[in-house]
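Reader: I should like to learn how to read the features of a protein model. May we take them one by one?

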Amino acid sequence: ILFNGIKPKPINENGFQANFFAKENIKNKTAVVLIGGGQWGDYWSQEIANKGMVGISLPYIGKEGLPNLPEEIDLEYFESALNWLRNQKSVDPEKIIVMGASRNAELALIIASIFPDMVSGVIAYAPSSVSWSNTVLPYNSNQLKASWKYNGIDIPYLPMTKISGNGTDKIKMLDYWESGLSKIDSTHKSHIGVELIKGPILLFSGVNDKVWPSAKMADMIENRLKNNNFKYNFKNIKYENAGHSISTNPKQLSDVRIGKITIDGKDYEYEFGGTAEGDLNAKKDAYLQVFEYLLNIKND
C-alpha cells in the first residue's frame, strides 16, 4: 500500500517527547496538541495534518525517559512543548489547541486553564470537571498524591480511596466516580478552573458512558462557565446510545465493549457503555464537529 499520509517527525529534545505531523513548507497554521500521544494521538495528528494544519502527538508517561505512572506529573513538561510549538514557522502561536480524552481530557482542560496565554482552546472527549488524585488508578502507588503539579505545587485534587473489588468478576466503574463527586460542592478546590481558559471549548460525551460520568461532568463544566460569564464559544455535545469510547477512529466500528481492570491481583470486567452503532454515530458526528471547530479557529 502506498503511504499517502504525512510521516511523523519524532521530537526528543527541549524537555519533551512527541511525534510532529505537518505538511512541508506550511506557515502559521492552527496546531493541535494530542495529550497522551500513542496510537490515538498519532491517528488524530495525522488527520489534522492531512487537512493542512499541524498535529503533535504528546505522550507523557510509559516511555523511556518519561514517568511510568500518571501521578505528580509536572505541567512544565507541557509548557516546554507549548513553548517549542509557538516557535515553529508552521504554527500560528495564537492558534494552539489542546485535545484529550478521558483522564487526558481532564489534563487538557487543566493545561488550558494553567497556561491560558499559550492555549487558544480545548477539545475534550469524555471530560472530567475535576482533577482527581492518583489513587483513582489501581496500578498507581497507594500513597495519596496529586496527579498533576506545577512549580512544585499540587494541582488541587479530589482525594479518593482506591477502587475496591467484590465477590463477582464484574465491576461497576460509574458508582466509584459518582460517589467521589457526591462528596464535594461547587466550591471544592478540585474543580478545574475552566473559566480561566481563553478560547472556545468543545466537549463530547456519551450519555451512556459506563466508565465515568462524563456527560454529568460536562454539564458541571457548562454550569461553571455560565456562572463565570465565559465569553468564548462553548459546546457541550452529548450523544445518546454512546459510551466512553467515542474518541477513537470514526472510520472503525468498535467491537470492544468490555474493558479489563486488575484490583488487588484479581481481574474484573467493566462495560464501556453505549452500543457499537451508537458509538460510531457519535464518533462520525464528533469528527465533523472537531474540524468545524478548527476551521472557525482559523477564521477567527
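Reader: Which residues line the largest cavity?

Author: The model is predicted, so local features need pLDDT of at least 70 and side-chain atom pairs count only at pLDDT 80 or more, whereas totals for chains, interfaces and linings use all residues. Residues are numbered from 1 along each chain as its sequence is written, and side-chain values use heavy atoms, with hydrogens and water left out. On a 1 Å grid over the protein atoms alone, a cavity is a set of points where a 1.4 Å probe fits but cannot get out, a pocket is an open set with protein on both sides within 12 Å along at least five of seven lines, and lining residues have an atom within 4 Å of a point. Here the lining of the largest cavity consists of Val33, Ile35, Leu58, Phe78, Ala81, Leu82, Val98 and Ile111.

Reader: Which element gives the largest share of that lining?

Author: Helices (H or I, at least four residues) and strands (E, at least two) are DSSP runs, numbered from the N terminus. Helix 2 gives the largest share, three residues. The elements with two or more lining residues are strand 3 (29-35) and helix 2 (76-86).

Reader: How much space lies in the largest pocket, and which residues lie nearest its centre?

Author: A volume is the space filled by probe spheres set on the points, which are joined across faces, edges and corners. The largest pocket holds about 820 Å³. Its lining has 32 residues, and Ala101, Ser102, Arg103, His244 and Tyr270 lie nearest its centre. Helix 3 (103-114), helix 4 (173-181) and strand 12 (258-263) each supply at least two lining residues.

Reader: Is Lys145 buried or exposed?

Author: Buried means under 20% relative accessible area, exposed over 50%, and partly exposed in between (1.4 Å probe, protein chains only). Lys145 counts as buried because its relative accessibility is 18%. Lys145 sits in the loop between strand 7 (121-125) and strand 8 (148-150). Leaving aside residues up to four places away in sequence, Lys145 touches (heavy atoms within 4.5 Å) Glu71, Glu72, Ser133, Asn134 and Tyr157.

Reader: What span should helix 1 have?

Author: The expected span is 1.5 Å times one less than the number of residues. The 13 residues of helix 1 (residues 38-50) should therefore span 18 Å, and the end C-alpha atoms are 18 Å apart, which agrees. Among the buried residues of helix 1 are Trp40, Tyr43, Trp44 and Ile48. Just after helix 1, Gly52 takes a positive phi of about 85°.
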